[in-house]
Amino acid sequence: NNDTNNNNNNTNNDTNNNNTNNNTNNNNNNTNNNNTNNNTVDKNFTGLKNQGGTVYYYENGVKTSKNGFVDFDGGKFFVASGKLVSDMNGLTNDPDKSSDWYYLANGQAQTQYTGLVEYDGAWFYVGNGKLDTNITGYVAYDTGMFYVGLGRIMTEVNGLAQDTATGAWYYLANGQVQNQYTGLAMYDNAWFYVVNGILASDYTGNVTYDGSTFYVVNGMLYM
């Protein structure tokens, strides 16, 4: 009877050990399968894929060494050596088309953004995340008004300058409307009355400037 019990115990132990080993092997297989699935890319896949914290760019299921912009899932992204450059911000040139510049945040073009951005000490106008060199005129930004030519704030423009879109004249310094300024300004050898940075073309009357009083008709000074 003791031998029989011992045999039964040995049999049970062997069975338990086998079950344990099988479970361990199954877990390892599942882990391996998961790793394989995470790293596997369909041969028809083209786009970005995060693998181990690094985002790679694939074409037809193969990692690339692409440098430049790629389109994926409705967005535009910048990659270098086939990897997303997530720390790239600001205006960035397209190496495939030197005339194109995009405004980036974390390596992605900010297509929802329209406004002014700084680059290399100058300010530029961006429309839907892309540098717009076709725009010339006045642009509102951060409570100010700026004169833009060919997509850049014209810091060399000072004095009175007309807004061809509205016909209004503004008084500028370094390309920015001086909305805090009220007084006289010279343009084309004539003097004009400016109120809060705008030529007061609807004003007729006396104006005191630099200790003297002048008569103004429709914003223009008569001496």
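Strands E19 and E20 (residues 190–195) pair in the antiparallel sense, with five bridges between them. The model is predicted.

Q: Which residue in E20 stands opposite Ala 185?
A: E19 pairs with E20 in the antiparallel sense. Across that pairing, the residue opposite Ala 185 is Phe 192.

Q: Which residue takes a positive phi in the hairpin of E19 and E20, and near what value?
A: Two residues lie between the strands of this hairpin. The one with the positive phi is Asp 188, near 55°.

Q: How many bridges pair E7 with E8?
A: E7 covers residues 90–94, and E8 covers residues 97–105. A hairpin joins E7 to E8 through two residues. Asp 94 stands opposite Lys 97 in E8. The pairing is antiparallel, and its bridges number five.

Q: How many of the five residues of E7 are buried?
A: Strand E7 is mostly covered. Thr 92 has its place in this strand. The buried count for E7 is four.

Q: Is Thr 92 buried or exposed?
A: The cut-off for buried is under 20% relative accessible area. Thr 92 has 9% relative accessibility, so Thr 92 is buried.

Q: Which backbone oxygen does the side chain of Thr 92 reach?
A: Not counting residues up to four places away in sequence, Thr 92 touches Phe 69, Phe 78, Asp 100, Trp 101, Tyr 102 and Leu 104. Its side chain also reaches a backbone oxygen at 3.4 Å. That oxygen belongs to Gly 90.

Q: Is Gln 178 buried or exposed?
A: Gln 178 is found in the loop between strand E18 (176–177) and strand E19 (183–187). Its relative accessibility is 15%. Buried means under 20%, so Gln 178 counts as buried.

Q: At what distance does the side chain of Gln 178 reach the backbone oxygen of Gln 176?
A: Leaving aside neighbours within four places in sequence, Gln 178 contacts Tyr 171, Leu 172, Ala 173, Asn 196 and Gly 197. Its side chain also reaches the backbone oxygen of Gln 176, at 2.9 Å.

Q: How many aromatic pairs does a search of the whole structure find?
A: The search covers the whole structure. The number of aromatic pairs found is 13.

Q: Is the pair of Phe 45 and Phe 72 stacked or edge-to-face?
A: The centres of Phe 45 and Phe 72 are 6.2 Å apart, with 80° between the planes. Planes over 60 degrees apart count as edge-to-face. The pair is therefore edge-to-face.

Q: How many residues apart are Phe 45 and Phe 72?
A: Phe 45 is in the loop between helix H1 (2–39) and strand E1 (47–51). Phe 72 is in strand E4 (residues 68–72). The pair links distant parts of the chain, and the separation is 27 residues.

Q: Which residues do ring pairs link into a cluster with Tyr 58?
A: One member is partly exposed at 24% relative accessibility: Phe 45. Another is partly exposed at 25%: Phe 72. Ring pairs link Tyr 58 with Phe 45 and Phe 72.

Q: Over the face of which residue does Lys 63 lie?
A: Lys 63 is found in strand E3 (residues 62–63). Its relative accessible area is 45%, so Lys 63 is partly exposed. Beyond four places in sequence, Lys 63 touches Gln 51, Tyr 56, Tyr 57 and Tyr 58. At 3.8 Å from the ring centre, Lys 63 lies over the face of Tyr 56.

Notes:
Residues are numbered from 1 along each chain as its sequence is written. This is a predicted model: local features need pLDDT of at least 70, side-chain atom pairs count only at pLDDT 80 or more; totals for chains, interfaces and linings use all residues. Side-chain values use heavy atoms; hydrogens and water are left out. Buried means under 20% relative accessible area, exposed over 50%, partly exposed in between (1.4 Å probe, protein chains only). Two strands pair if DSSP finds at least two bridges between them. A polar contact is a pair of N or O atoms within 3.5 Å; within protein, one must be able to donate a hydrogen and the other to accept it, and residues adjacent in sequence count only if both atoms are side-chain atoms. Contact means heavy atoms within 4.5 Å. Rings of Phe, Tyr and Trp (its six-membered ring) pair if their centres lie within 6.5 Å; planes under 30 degrees apart count as stacked, over 60 as edge-to-face and the rest as tilted. A charge sits over a ring if NZ of Lys or CZ of Arg is within 6 Å of the ring centre and within 35 degrees of the ring normal.
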